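Open the structure in your viewer and keep the selection tool at hand. We will take a short walk, one stop at a time.

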Amino acid sequence: ATATAGPRSFSAAEVRARCAQGACLVSCHRRLYDLSGFVRLHPGGEQLLRRRAGTDVSAALDGPPHRHSANARRWLEQYYVGEIEPGDEQVPPRSRTGTGLSETVDEKEVVAAAQTPEQTDLCYRTVDVEKDLVDWQKPLLWQVGYLGEKYDEWVHQPVDRPIRLFHSDFLEFLSKTAWYVVFMVWTPVVLYLSWVSYTSLAQGNTRLFSSFTTEYSIPVHKYYFPFIFLLGMILWSLLEYLIHRFVFHMKPPASNYYLITLHFLLHGQHHKSPFDSSRLVFPPVPASLVIGFFYGVLRLLLPEVLGLSVFVGGLCGYVIYDMMHYYLHYGSPRKGTYLYGLKAYHVKHHFEHQRSGFGISTRFWDYPFRTLIPEETFKKED
């Protein structure tokens, strides 16, 4: 049997040099991690991690301002690249520019680092394929149902790697999409149906409750369209919450292979690999089936034009939701903005509070349904 090479050792000088070249290396005690590929995804913002480049983050993991969860610490281990050489564990001094590096870096160190082959990926692995419960070399969809009672814990331990669901390349293609495809497909539909709704209302033939009574039916004027459209968006935000909470986060029985498989297909795969960029928005083909279903329901409940007006508002809300969901995973909003807080909130849902925080485009519905993620508190030190 071939002996496995031990972890590589890095000197403090080499770490400083690599950080000076743009890498984001941090240590936790003596363990060294390369976060260069993760900095833009960090919920606290890229600059926060950049400022800590070259430093020991063991204290920062415990907060304040944020106490990192067990999943976050497990996630960090995916970027492990080696060990800091004994005697070099001290944190380099902070610079006045806000980085974790000292103000000057020896040019010889930079040159040496540039001439050293890139080996920071020697220990990098997103999942221990030998110990994991599934075979990552094969499509996962038909495997997860066999996990039984271990499924719920496994699916909520996120990894940073793409997922393949199907054996069929065609089905796999239909299950993935780029974020901009959703915008390109549905935005023209929203614009066209908005025009159809407004011009139809302008004819003055639409009346509410006309199927029950003609004497007391209420005319719906074209000027009502913006308000009906807004009502559709509000109804979508409620539907978004309800689907996320009661469908996507149902806990399938451990003995039911098919419900576990369905859960993984609908949402479990997103929690297992939250940064798989091709699976962050709803692919247009399956989305069209769901959207068609809701359109049919509205047609049954409301007069044709009124139902269409509510529907197009809801469809617009869905497009905004999908775009926001992608941005909350891959965007880097400015600290203090609404989206910054929403990104941190959503990441907490993924890594620690899977049974709360179901609002994505808004936290509003988490308040009345009592599923708001609690704010963290820290005891003041003397």
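The tour below goes from a sheet to an annotated site and ends in the nonpolar cores.

**Before you start**

This is a predicted model, in which local features need pLDDT of at least 70 and side-chain atom pairs count only at pLDDT 80 or more, while totals for chains, interfaces and linings use all residues. Residues are numbered from 1 along each chain as its sequence is written, and side-chain values use heavy atoms, with hydrogens and water left out.

**Stop 1**

Strands here are DSSP runs of E with at least two residues, and helices are runs of H or I with at least four residues, numbered from the N terminus. Together you see an open sheet of four strands in the order β1-β4-β3-β2, with mixed pairing. Two strands pair if DSSP finds at least two bridges between them.

On average, neighbouring strands are turned by 40° against each other, direction ignored. Axes for such angles are lines fitted to C-alpha atoms, for helices over the stretch in contact; angles run from 0 to 180 degrees between N-to-C directions.

Now select helix α1 (residues 12-20), which packs on the sheet and touches β1, β2, β3 and β4. Its direction makes about 80° with that of β1. Contact means heavy atoms within 4.5 Å.

**Stop 2: across the strands**

Pick S9 and you will find its bridge partner E83 in β4. E83 is also the bridge partner of R31, where β3 and β4 pair in the antiparallel sense over three bridges. Next, β2 and β3 pair in the antiparallel sense over four bridges, and C28 has R31 as its bridge partner in β3. Their hairpin has two residues between the strands, and H29 takes a positive phi near 60° there.

**Stop 3**

Select H42 and H68, which the UniProt annotation "binding site" (unreviewed entry) covers. UniProt positions are given in the numbering used here, feature names are shortened, and annotations may be inferred rather than shown by experiment. The two are spread over 27 residues of sequence, yet they cluster in space, with a largest C-alpha distance of 12.1 Å.

Are they buried or exposed? H42 counts as buried because its relative accessibility is 13%, whereas H68, at 23%, counts as partly exposed. Buried means under 20% relative accessible area, exposed over 50%, and partly exposed in between (1.4 Å probe, protein chains only).

H68 is in the loop between α3 (58-61) and α4 (70-76).

**Stop 4: the nonpolar cores**

Select W186, I291, F311, L315 and Y318, the residues with the most contacts inside the largest nonpolar core, which has 33 residues. Such a core is a set of buried Ala, Val, Leu, Ile, Met, Phe, Trp, Tyr and Cys residues joined through side-chain atoms within 4.5 Å. The largest share, 15 residues, comes from α12. A second, separate core of 28 residues includes V26, A72, Y79 and F275.
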